[in-house]
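The sequence and structure are shown first.

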Amino acid sequence: MKENIILIGFMGVGKGTTARAYGKKYNCFNIDTDDLIESKENCKIKEIFKEEGEAHFRNLEQECANWIESSVNNTLISCGGGFYNVNNLKKLGKIVLLDASYEWIYNRLSTAENAKSKLKKRPLFAEPKKAKKLYKERNKIYKTIADLIVDVEKNDIKSVLKEINKSLYI
Ligand code: S3P
């Protein structure tokens, strides 16, 4: 049985930031699926989308999920917003959803110090109207597949980390 925690949630909800903070607090390895794909392909996500298309990126996510299933344990894994679609997600570990409203996420991204680069590196955020539609579609699905839902809008980071840790005992 895998002892990984799989952090899912919409683009910009703070999966990477939360994973790094969790790793530091609980002395736990953390990896990010987008980072793994970028390293393996030696190419930025936005370039992969531009050069090879979204379908190719989704195949790379599946490859990444297969590698996690065969080789990764006791790790916190933060996932790209569309990674939930891989066909072996449930086999990778406990699934924790970081949940927040679209408005909160948009505000978080657009008021960040490096807002321009945060928005630019996410091709699916290029058109806010489309992004909001995607959020509405995805959020329902995220909630049905999560083993645990953590509200990052209402909780501070300290409580968020504690909540995530609870997923190891469910
Ligand atoms: C995507 C989210 C991105 C990245 C890619 C596609 C998505 O990751 O994987 O741009 O489909 O929601 P973040 O959730 O880390 O932004």
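In this predicted model, the ligand is surrounded by 14 residues, of which the closest are Lys-15, Asp-34, Arg-58, Arg-122 and Arg-138. Sorted by class, this shell comprises five charged, three polar and six nonpolar residues.

| Residue | Protein atom | Ligand atom | Distance |
|---|---|---|---|
| Asp-34 | polar side-chain atom | oxygen | 2.7 Å |
| Gly-81 | backbone N or O atom | oxygen | 2.8 Å |
| Gly-82 | polar backbone atom | oxygen | 3.4 Å |

The largest pocket is the space that the ligand takes up. Two or more residues of the shell around the ligand are given by each of two elements, helix 3 (45-52) and helix 4 (54-71).

A separate point concerns Ser-167, which belongs to the segment that follows helix 8 (157-166). Is this residue buried or exposed? Ser-167 has a relative accessibility of 0%, and because buried means under 20%, the residue is classed as buried. A polar atom of the Ser-167 side chain is placed 2.7 Å from the backbone oxygen of Ile-164.

Note on methods: Residues are numbered from 1 along each chain as its sequence is written. This is a predicted model: local features need pLDDT of at least 70, side-chain atom pairs count only at pLDDT 80 or more; totals for chains, interfaces and linings use all residues. Side-chain values use heavy atoms; hydrogens and water are left out. A residue is near a molecule or strand if one of its heavy atoms lies within 4 Å of it. A polar contact is a pair of N or O atoms within 3.5 Å; within protein, one must be able to donate a hydrogen and the other to accept it, and residues adjacent in sequence count only if both atoms are side-chain atoms. On a 1 Å grid over the protein atoms alone, a cavity is a set of points where a 1.4 Å probe fits but cannot get out, and a pocket is an open set with protein on both sides within 12 Å along at least five of seven lines; lining residues have an atom within 4 Å of a point. A molecule sits in a cavity or pocket if more than half of its atoms lie within 2 Å of its grid points. Helices (H or I, at least four residues) and strands (E, at least two) are DSSP runs, numbered from the N terminus. Ala, Val, Leu, Ile, Met, Phe, Trp, Tyr, Cys and Pro count as nonpolar, Asp, Glu, Lys and Arg as charged, and the others, Gly among them, as polar. Buried means under 20% relative accessible area, exposed over 50%, partly exposed in between (1.4 Å probe, protein chains only).
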